[in-house]
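This report concerns selected local features of one protein model. The sequence and structure are shown below.

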Amino acid sequence: MIGRLDGLTSGSADWSGIHVVVAGLGVSGFAAADALHERGARVVAVDGGDPEVNTALGERARILDILGVDVRVGPEHVTGMPAGRVPDLVVTSPGWRPDQPLLLAAAQAEIPVWGEVELAWRMRAEVGPAPWLTITGTNGKTTTVEMLASMLRAAGLRATAAGNVGTPILEAVLHPQPYDVIAVELSSFQLHWSDSIAPYSSACLNVAPDHLDWHGSLEEYQRAKGKVYARTKVACVYNVQDPVTEQLVRDAEVQEGCRAIGFTLGTPALSMVGVVDDILADRAFVEQRKTSAAELATLDDVRGAAATLAPHNLANALAAAALARSYGVAPLAVRDGLRAFTPDPHRIADCGEVDGVRYVDDSKATNPHAAAASLHAFEHVVWIAGGLLKGADVDDLVRDAVGQLRGVVLIGADRARLAEALARHAPDVPVVEVSSTDTGVMETVVARAAELAQPGDVVLLAPAAASMDMFPNYGARGDAFAAAVARRAGSAGE
């Protein structure tokens, strides 16, 4: 059966009679089970959640059951391979770790395990499948993929952002109105379970320690990120300021003629995009690149309505521009795409000014690397940090941010580790610990931050940690911060 699986490489492939276990019924797992069942595969869909607690899971399970899929929900169904016929294939949701018992059982039985991204690649239309422009990185993936999609649409292409960004990649590749090109965000989890994707062009934005509990080591995490470059056709885009990304390009097995293209916040060298004065410049995709560059946009085009142009957002724009240019997008469309782009909430979002102090929500900064980028966007900061650090080391983050810190307010389960790092590296910086983990505590947090701030300062929520100890997700944490700021502004205006 493995030989037959190897032949499943196009939208016209025959899936009928193939026995597949779909592990996990999140958004991507549901899409995989539905697509496989529709194509005649014999699907068993399993999930360890409780449908009484997780209503979305219950609804997905109910729909698949109505369609005729064998659905098995509950913790007893994920402790090993489901009873019945041994499957030919397991399709796993990206969050399932390789050491999960069902996936271990598959590995021991030498049953192939694909992620839903691998499945989507193999289900693409046989005639004229949409090329993929793939993006990964520890931080900035979603912003970059959405900037890229905006540029592609500005060029008149039917394009979408899909993958880890929210829209399941299966939905994009199987859309009844085919796309011209797809901007694909890929997490390290998704890349781990992918082995045959051959992107048109690809990019790794940056690599910093994250998800080490899932991957087992920094080396394995970096290896997963590097898979984004494998089999790339036209351009491997890397971050000149992050040598790891360049090394991943050097190590990649790519298609003949594929080029390495750098993006830099400085002046671009040959085969790079970068910044000259206040201009985004392309010295990679112009005919006379040895002696000239093409103007793509200005810093104001990237800044948009934001009060601050954070360096990492400029880097995201340059990476997106490099990918767009590799696909033949004209400079004018790059500029128009940036002008049309609106960032998602909780990414260095201004929440207003009260008594001369700005309040900025970067709740999406859920790891030290993202928090560092956010902190260095401002001169003087009262930093709100803490949550679940996921095993991350925060010493370098604190050491490098000392010059920006006016004060710190710590929250969440792992706040003690941040407090210890601050005591070591920033003993003169005032630190306030808020011990309550109630979701309503943000009012107190903002009040204590305001006490530490001076006019001209920024109170910055950039937690460097996940939110689930106190909030359902980073969005809820950011919303609570913004609401507390709004109430403070209202009180100040009375």
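Predicted model: local features only at pLDDT ≥ 70, side-chain atom pairs only at ≥ 80, totals over all residues.

## Asp-362: position and burial

Asp-362 belongs to the loop that joins strand E16 (357-361) to helix H15 (368-375). Although buried, Asp-362 forms no salt bridge. The nearest side chain of opposite charge is that of Arg-347, at 6.8 Å, whereas a salt bridge requires a side-chain nitrogen of Lys or Arg within 4 Å of a carboxyl oxygen.

## Asp-362: surroundings

A polar atom of the Asp-362 side chain lies 3.2 Å from the backbone nitrogen of Ile-348. Leaving aside residues up to four places away in sequence, Asp-362 touches His-346, Arg-347 and Ile-348, together with Ala-370 and Ser-374. The contacts of Asp-362 also include Leu-460, Leu-461, Ala-462 and Pro-463.

Most residues other than glycine have a negative phi. Glu-110 is not a glycine, yet its phi is positive, near 60 degrees. Glu-110 sits in the loop between helix H4 (101-108) and strand E5 (113-115). Its relative accessibility is 67%, so Glu-110 counts as exposed.

Asp-355 likewise has a positive phi without being a glycine, with a value of about 55 degrees. The loop that holds Asp-355 runs between strand E15 (349-354) and E16. Is Asp-355 buried or exposed? With a relative accessible area of 62%, Asp-355 is exposed.

How values were computed: Residues numbered from 1 in each chain as written. Heavy atoms only, no water. Helix = DSSP H or I, 4+ residues; strand = E, 2+ residues; numbered from the N terminus. Buried < 20%, exposed > 50% of the residue type's maximum accessible area, 1.4 Å probe, protein only. Lys, Arg positive; Asp, Glu negative; His and termini not counted. Polar contact = N/O pair within 3.5 Å; in protein donor to acceptor, adjacent residues only side chain to side chain. Contact = heavy atoms within 4.5 Å.
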